[in-house]
Amino acid sequence: MSLIEVRDLSVRYGGHRVLNHVDISIDRGEIVTIVGPNGSGKSTLLRALIGAVPVAGGRVSRATDLRIGYVPQKLAIDPTLPMTVARFMSLPRRQSATDVAAALEQAGVPDLSDRQMTDLSGGQFQRVLLARALLSKPDLLLLDEATQGLDQPGSAAFYRQIEDVRARLGCAILMVSHELHVVMSASDRVICLNGHVCCQGTPEIVASAPEYRALFGSGTQGALALYRHDHNHSHDDGCDHDHAHDHSHGGAVTPLHQAARDKVH
C-alpha cells in the first residue's frame, strides 16, 4: 500500500475551487516533486495531506500509523526573542539531547545546538527546520518550497541533503519547488499541478509533455529534463534512476544544460 493516496480531491477557498479532482499517491522511499505556476494549489495540496485544510470532495488515505514531517516555506521568529536551536527543537514538547543531536546531524548542521535562532543564516535556519521535522522519524517528509530565499548554491546543497536523508532513513519525500533548474537533482518523479494534475511521471517525461510546456514554455525544458547533479554513488534503496555525469540526449552537453549546472555548482 502507498504511504498516502489521494483520490478525486477537491479543495475550495470561499467560492473558488483551488484543487479539482486531484489523484496522486506517494510510495515509500521515493522523492516526488510538485511543480506548477503561482496559485496552482501546490501548498494547499500539502496542507490537505496533513489535514490542515478542509476538503470539499474526495479522500486522503494514509497508511496506518503514518509519521509525517513537515518543513514550511518560512517561519518568522521575533528577532528580540532569545532562543537557542536546542530550545527550538524541544518545542512544543521536550526532546532528549541525544535525539536533538541526531536530528541536527541528519540535517547536516551538527554544531548549531547552542546557537541563537536569530543568528542563523538562511541556509542554517532551513536545515534546523528540517532537523525538527526529522525528530519524529517520519515515513513521509513534506517540504513546501523549503529553499525559498536561499541562493542557488544553498538550494543545491539543501537538495543534496534531502537525498542523503532519504538514503539514511528510507522515508518518502514530497516537496514543492519553484526551482525548475535544480529540481532534477533529487526527483524520482515530478507532478505538474495547476489546480489539477496536468501530467506526472519521470522528470524527463514531464518536461517533454505538452501540458508542462504550455505552463512553463520550452525554454526551461532542457534544464529541467536533463540536469543531474554530479555524483557516482548508487542508492541502496532500490532507486533505479540514472545518475550519470552527463545526462542528455545523444550524450552531448548543450549550452542550456551547462548553464543549469553552472548555476548550482
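Guide: In this predicted model, Ile34 stands opposite Val176 in strand 7. The two strands involved, strand 3 and strand 7, run parallel and are joined by four bridges.

Visitor: And how many bridges join strand 3 to strand 8?

Guide: Four bridges join strand 3 to strand 8, and that pair runs parallel as well.

Visitor: Buried or exposed, the residues of strand 3?

Guide: Five of the five residues of strand 3 are buried, so the strand is largely enclosed by the rest of the structure. Both of its faces are covered, with Ile31, Thr33 and Val35 on one side and Val32 and Ile34 on the other. As a general point, side chains in a regular strand alternate between the two faces of the sheet.

Visitor: What's the strand order in that sheet?

Guide: It is an open sheet of six strands in the order 5-6-7-3-8-9, with mixed pairing. Strand 5 (68-71) and strand 9 (197-201) are the edge strands, each pairing on one side only. Neighbouring strands in this sheet are turned by 15° against each other on average, with direction ignored.

Visitor: Which way do the strand 6 side chains point?

Guide: Leu140, Leu142 and Asp144 point one way and Leu141 and Leu143 the other, and all of them are buried. Strand 6 is accordingly described as mostly covered, with five of its five residues buried.

Visitor: Which helices lie across strand 6?

Guide: Helix 5 (residues 152-169) lies across strand 3, strand 6 and strand 7, running at about 170° to strand 6. Helix 1 (residues 42-49) lies across strand 6 too, at about 150° to it, and also across strand 3 (31-35), strand 5, strand 7 and strand 8 (189-193).

Visitor: Why call helix 1 largely enclosed?

Guide: Seven of the eight residues of helix 1 are buried, so the helix is largely enclosed by the rest of the structure. The buried residues are Lys42, Ser43, Thr44, Leu45, Leu46, Ala48 and Leu49. Helix 1 is followed by Gly51, whose phi is positive, near 80°.

Visitor: How many bridges between strand 1 and strand 2?

Guide: Strand 1 (residues 4-13) and strand 2 pair in the antiparallel sense over seven bridges, and Tyr13 stands opposite His16 in strand 2.

Visitor: Changing topic: how many cavities are there of 30 Å³ or more?

Guide: The structure holds two cavities of that size, and about 40 Å³ of space lies in the largest cavity. The lining of the largest cavity consists of Leu143, Glu145, Ala146, Thr147, Phe158, Tyr159, Met175 and Val176. By class, that lining has six nonpolar, one polar and one charged residues, and helix 5 and strand 7 each supply at least two residues to it.

Visitor: Last one, Gln126. Where is it, and what does it touch?

Guide: Gln126 is in helix 4 (residues 122-134), and it counts as buried because its relative accessibility is 5%, where the cut-off for buried is under 20%. Leaving aside residues up to four places away in sequence, Gln126 touches Val71, Pro72, Gln73, Ala146, Leu150 and Phe158. Two residues in that set, Ala146 and Phe158, also line the largest cavity.

Notes. Residues numbered from 1 in each chain as written. Predicted model: local features only at pLDDT ≥ 70, side-chain atom pairs only at ≥ 80, totals over all residues. Heavy atoms only, no water. Pairing = 2+ DSSP bridges. Axes fitted to C-alpha atoms, helices over the stretch in contact; angles between N-to-C directions. Contact = heavy atoms within 4.5 Å. 1 Å grid on protein atoms, 1.4 Å probe; cavity = no way out; pocket = protein on both sides within 12 Å on 5 of 7 lines; lining within 4 Å. Points joined across faces, edges and corners; volume = space filled by probe spheres on them. Nonpolar A, V, L, I, M, F, W, Y, C, P; charged D, E, K, R; others polar. Buried < 20%, exposed > 50% of the residue type's maximum accessible area, 1.4 Å probe, protein only.
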